[in-house]
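Look over the model first, then read the points by topic.

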Amino acid sequence: MRVDLHMHSTASDGTQTPAQMAQECQKAGLTHAALTDHDCITGVQEFLDEAGKLGVQAIPGVEFSVKYPGELHILGYGVDLEHEQFAKTCRMLAERRETRAGEMAEKLCRAGYEISLDAIRSHAGGNLIGRPHIAAELVQKGYAADIPDAFARFLNRGGAGFVERFRLGEEETIALIHAAGGKAVWAHPKLAYAENFPAMLDRLTAEGLDGIEAFYPLHTDEECAYFAQEGQKRGLLLSQGSDAHGAFRPGTFVGKERRGGGKVDSSVQILFANGQKLLKK
């Protein structure tokens, strides 16, 4: 199998449309893929349709930001896109995401940076605006050297434009994914910087976590092996993803992460079968 179960499109904070992301999956020779836009499922059906035409086995997906002192994201796979509460919550989160972007832009304007919401919206191409679109405008205006520089100096915690995001709780997120028939997977666990990783994984597992993204570009080989081992100890599914965002994150690309190999095959089969079951309802 060639697998990438973590990527983003213009529906949240990527630079390529859902259909284009499916095309990238085919170019990368992927057998299985999932579009996992942030707090948003509006691009999933387009991705599924295009992937189906191209012979890529696609899984409905989403990535939720979760309440935690650091960075904690939970991926939902095989979710029922028509589940009423799930779809309603995603719409609410997407709206709050755009509201936050507007507040960040206003904060930067008050700090003396000459940017406008209209200009920021032009970078979003008609989609909901987010931090990458503000970053793109900061670069265009010459306030930042590139997208990573704009995030580091203006949009991350401590930056002149930072505004805290709205996030669901751990148990709430996992329960929401399960209610929609999906599987909950801990994304890029390294980025949580947990002081006691086994204890945190035990807690999330007790709350219903189904899997862990052991194979991720920012994980070292040793970390990939460790996360896979800890996941297997607890009977969790193992996942692999690139976290591709197109031009907003040029250091990565669809299909970049390949170290999972056969270690993720059985888990991917479970996730794909679960997604197909829901799609055929």
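The axes of helix H3 (residues 84–110) and helix H5 (residues 131–140) come within 9 Å of each other and cross at roughly 30 degrees. H3 and H5 are therefore roughly parallel, a label for angles under 35 degrees. This is a predicted model: local features need pLDDT of at least 70, side-chain atom pairs count only at pLDDT 80 or more, and totals for chains, interfaces and linings use all residues. Residues are numbered from 1 along each chain as its sequence is written, and side-chain values use heavy atoms, leaving out hydrogens and water.

**Helix pair**
- Arg100, Ala101, Met104, Ala105 and Leu108 of H3 meet Arg131, Ile134 and Leu138 of H5.

**Ser116**
- Ser116 sits in the loop between H3 and helix H4 (117–124).
- Ser116 is partly exposed, with a relative accessible area of 35% (the range between buried, under 20%, and exposed, over 50%, with a 1.4 Å probe and protein chains only).
- Its side chain reaches the backbone nitrogen of Ala119 at 3.1 Å.

**Glu63**
- Glu63 belongs to strand S3 (residues 57–65); strands are DSSP runs of E, at least two residues, and helices are runs of H or I, at least four, numbered from the N terminus.
- Glu63 is buried but has no salt bridge (a side-chain nitrogen of Lys or Arg within 4 Å of a carboxyl oxygen of Asp or Glu).

Conventions: Lys, Arg positive; Asp, Glu negative; His and termini not counted. Axes fitted to C-alpha atoms, helices over the stretch in contact; angles between N-to-C directions. Parallel < 35°, antiparallel > 145°, perpendicular 65-115°, else oblique. Contact = heavy atoms within 4.5 Å. Polar contact = N/O pair within 3.5 Å; in protein donor to acceptor, adjacent residues only side chain to side chain.
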